[in-house]
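Let's take a walk through this fold, going from helices to charged pairs. Have the viewer open as you read.

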Amino acid sequence: MQAAQDAVPAAAGPEPDPADPSDAGRGASAEAIRHHYDVGNAFYRLWLDPTGSYSCALWETGEDALEQAQVRKLEHHIRESGAPGAARVLDIGCGWGGLLQRLVQQHGVGCAVGLTLSEAQAAFVTAQHLPGVEVRLENWLDHRPEAPYGAIVSIGAFEHFARHGLSRQQKVETYRRFFRHCHDWLEPGGGMSLQSIVYGWAGSKEFCSFFDEEIFPESDLPRLGEIFDSLDGLFEVVRLRNDREHYERTLSQWRQRLRARRAEAVALVGEATVVRYEKYFQLCMIGFHVGSMGLARLSLRRLEPQPRPGRA
Ligand SMILES: C[S@@+](CC[C@H](N)C(=O)[O-])C[C@H]1O[C@@H](n2cnc3c(N)ncnc32)[C@H](O)[C@@H]1O
């Protein structure tokens, strides 16, 4: 027997040094993540939908409400990963826990484990005391599960897994290390559903420094080709959607909702922060509209060792 992953060159690269927070292969640091996500839970609650989803929704009709489209997105990833009924499911980058809650309360999942680097998010999920939900303030690189998972979901976190300044090969190695870990953590035949913003026709040089300096520090977007190269031999791509127009519509909703609660938002976080978010929504809407960015949803299945043809 030959393991499928043995058939492709090992491209994992050296393991990052946990004591070296500047290691670009560790992705955005906890400090960089907190710069964005720990602005304040009350601020995000003002304009996110009731599921607390801070990622692109899945729209179907012109009449959809934001919450409806966010629930559809959560259901999409639950279904595509094969999570319903699983004993254990992992959510990498769990945000405020909307998916974790849905897994245990509506899909019979025994234990839903969420990883986040945001203290505010972890505290929010912990305070809900949801039976079967476990949230960890932990980088995926440091995650060591005590038992395998039946399914893995990751929505809107992959964008933080590589820093600017890496070569294409280094990025592929970084992403490959992520997928290798996910492969190891899954039960045989387990599924994974991944959602990430990707570069479209533009690259990091075409983006203004505003995003790196003020919105998402230490975070470079992936290209679809980099994701495909890093999956090779580890996961089968079952389905791929590019829903960039769905993100334009989601951002438009967030902008409208923030506008409607602007005075409260300013009271919570100050005028400068609100202006920063307004600019960020506006620029991203343009990016998704013109295709300089895309929104990838990938349904993946763990590849299993295959017997070599001609061998008993
Ligand atoms: C845009 S939010 C998405 C949250 C949630 N999945 C949703 O759709 O609402 C990105 C999440 O990824 C988490 N994250 C970023 N880098 C991470 C890492 N290296 N390990 C674990 N979580 C990470 C952040 O803490 C945050 O919870």
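Helices here are DSSP runs of H or I with at least four residues, strands are runs of E with at least two, and both are numbered from the N terminus. A helix's expected span is 1.5 Å times one less than its number of residues. This is a predicted model, where local features need pLDDT of at least 70, side-chain atom pairs count only at pLDDT 80 or more, and totals for chains, interfaces and linings use all residues. Residues are numbered from 1 along each chain as its sequence is written, and side-chain values use heavy atoms, leaving out hydrogens and water.

Start with α3, residues 66-81: its 16 residues reach 23 Å from first C-alpha to last, close to the 22 Å expected. Just after α3 comes G82, with a positive phi of about 75°.

Now look at α1 (residues 30-37), where A32, I33, H36 and Y37 are buried (under 20% relative accessible area; exposed is over 50%, partly exposed in between, with a 1.4 Å probe and protein chains only). Seen down the axis, these buried residues fall within an arc of 115°, so they line one face of α1 (the arc is taken from the directions from the helix axis to the C-beta atoms).

On to the charges: there are 19 salt bridges, each a side-chain nitrogen of Lys or Arg within 4 Å of a carboxyl oxygen of Asp or Glu. In one of them, E226 and K171 meet at 3.1 Å, N to O. That pair links helix α8 to helix α6, 55 residues apart. E226 is buried at 5% relative accessibility, and K171 is buried at 4%.
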